[in-house]
Amino acid sequence: MIKKLRNITGKTSPPVITVAVLLIIWFAVCKGEIVPAFMLPSPADVARAFASNIEYMAREAIVTLQEAVYGLIAGIALAFVLATLMDKYDFIYKAFYPLLVISQTIPTIAIAPLLVLWMGYGMAPRITLVIITTFFPIAIGLLDGYKSTDIDSINLLRSMGAGRLQIFRHVKLPTAVPGFFSGLRIASSYAVIGALIAEWLGGNNGLGVYMTRVKKAYSFDKMFAVIVFICAVSLLLMAFVRLIERISLPYRKTRISRPETIKRR
Amino acid sequence: MTVLSANHIYKSFGEKQVLNDVSVCLNDGELVSLLGVSGGGKTTLFNVLSGIYLPDSGEVYLKDENVTGKPGKVSYMLQKDLLLPYKKVIDNVSLPLLINGKSKKEARETAGAYFEIFGLDGTQEMYPDALSGGMRQRAALLRTYLASEGVALLDEPFSALDTITKSRMHKWYLEIMKEINLSTLFITHDIDEAILLSDRIYILNGGRITQETVIDSAEKRNPDFNLTGEFLEYKKKIKSFLE
């Protein structure tokens, strides 16, 4: 039995099987009318809603994605400046580190309406919210990266006559890049969620607004469709970050050994 | 001719006097070892020689130039090769040239010319992770050579290597020193290694040079030197100095 299972998993990847099984259960639940159809639409209904709304969702998604990407870029810039200063000057580190941590305990849901009140229904409050949610993981990733620099490497460069800027360029910055990307990967998924929450609370375009609209209409099938769509958008953004990471860290290719390459017997 | 000399160096950290009137010199083409127990001030002396630390008093001369507290003239190499994993071997090796203001292309060309002599040909475009321990040390050595015009400070460079690789590296190192006219100041705590490689040995103990031994055996470059009675005599003598 186990052998048979392993044969199956050997041919198709495990996550595909998991999803397929879940879909079958979902389908069965709807078919057997265990949950009323208006509360839980069947996968087929969702697929239909997805197909018929995709153009509309894509149009709204462009707005959301724009906010997420602009916010992410600004978040990166802010995180870069702050982390670099924090690494360089100890008093800035001490002054800002607690604030950084506290800023993460503020519920985004609570500040989003404030931002909307202050900045209006345009893109500004949404981008601001994305910046607030994304810059923390990036800044922490960068900081950890900077801190992991080997002091011996820095001394070696100094013995070669390198100045501070050269040490930063040749040692500190490249050492911090992997940490930066781990932060950015997390931040990129936060970015979409941040933009959605801000849209949810006010405005007249974007996927978040669309979500509130279908919710008010009790169109469960469309809600599921939009959730699937948002997942896809987030995954796309994360994949994009991965791609940039691969390109900027060519030396890592030889090192990363993934668990699936280890064959079990 | 003296290529590198440190005269009456004093250096303390807080209350702790780490170097106490230390004078060493290195002549052209020589290999001189600094032998001593850990914490004896060897590494501090190296940092003074390479200009990273400014001594409390005393001077460091590279040929006729006063280089006290001036980094960028004499570079060193540690047991850790400190090759940057994100730079290709050629860029690692040519880094000192780049830092001294050469263009990337120029630096690569200058460094590239030495790859064959150092037995590194073909590794130019590789990342350091793809190299073996011995190869990495060679690359680090080439980088040191390019950083410091004929003088190399080596801080236990071979101590992480296995015995066979180590003795191969010893042989190789003595050859290449002659070929590129390199003078070497060498830190080690391995008495055998010091006797085998050195022309002279300084013993650094408690922040002072307590003894200087010249190895002038006729057998000294013979591969079986360490099996001779003369070798053991040297070893006995040096051991007694260290205790």
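Predicted model: local features only at pLDDT ≥ 70, side-chain atom pairs only at ≥ 80, totals over all residues.
**Notes on domains and helix pairs**

1. Now chain B. Here domain 1 is written in pieces, 1-75 + 151-229 + 237-243, while domain 2 covers 79-147. The C-alpha centres of these two domains of chain B lie 23 Å apart. Their contact draws 19 residues from domain 1 of chain B and eleven residues from domain 2 of chain B. About 1400 Å² is buried between domain 1 and domain 2 of chain B, with 68% of it coming from carbon and sulfur atoms.

2. Back in chain A, have a look at some helix pairs. Two packed helices are described by the angle between their axes and the distance between the axes. Take helix α3 (residues 43-88) of chain A and helix α4 (residues 90-105) of chain A: their axes come within 6 Å and cross at roughly 130°. α3(A) and α4(A) are therefore oblique to each other. On the α3(A) side the contact uses Leu82(A), Leu85(A), Met86(A) and Lys88(A), and α4(A) answers with Asp90(A), Ile92(A), Tyr93(A), Phe96(A), Tyr97(A) and Leu100(A). Sorted by class, that contact of α3(A) with α4(A) has eight nonpolar, no polar and two charged residues.

3. Next comes helix α7 (residues 151-159) of chain A with helix α8 (residues 164-200) of chain A, whose axes come within 10 Å and cross at roughly 145°. The crossing of α7(A) and α8(A) is right-handed. Ser153(A), Ile154(A), Leu157(A) and Arg158(A) of α7(A) meet Gln166(A), Ile167(A), His170(A), Val171(A) and Lys172(A) of α8(A). Polar residues do turn up in this contact of α7(A) with α8(A), which counts four nonpolar, three polar and two charged.

4. Finally, how do α9(A) and α10(A) pack? Helix α9 (residues 207-216) of chain A and helix α10 (residues 220-248) of chain A make an angle of about 160°, their axes being 9 Å apart. That makes α9(A) roughly antiparallel to α10(A). The two helices α9(A) and α10(A) cross in a left-handed way. To see the contact, pick out Leu207(A), Tyr210(A), Met211(A), Val214(A) and Lys215(A) on α9(A), then Lys222(A), Met223(A), Val226(A), Phe229(A) and Ile230(A) on α10(A). Between α9(A) and α10(A) the tally is eight nonpolar, no polar and two charged residues.

Notes: Residues numbered from 1 in each chain as written. Chains lettered and ligands numbered in written order. Heavy atoms only, no water. Axes fitted to C-alpha atoms, helices over the stretch in contact; angles between N-to-C directions. Helix = DSSP H or I, 4+ residues; strand = E, 2+ residues; numbered from the N terminus. Parallel < 35°, antiparallel > 145°, perpendicular 65-115°, else oblique. Left-handed = near helix turned anticlockwise from the far one by under 90°. Contact = heavy atoms within 4.5 Å. Nonpolar A, V, L, I, M, F, W, Y, C, P; charged D, E, K, R; others polar. Domains from an automatic or database assignment. Buried area = accessible area lost by both parts, 1.4 Å probe.
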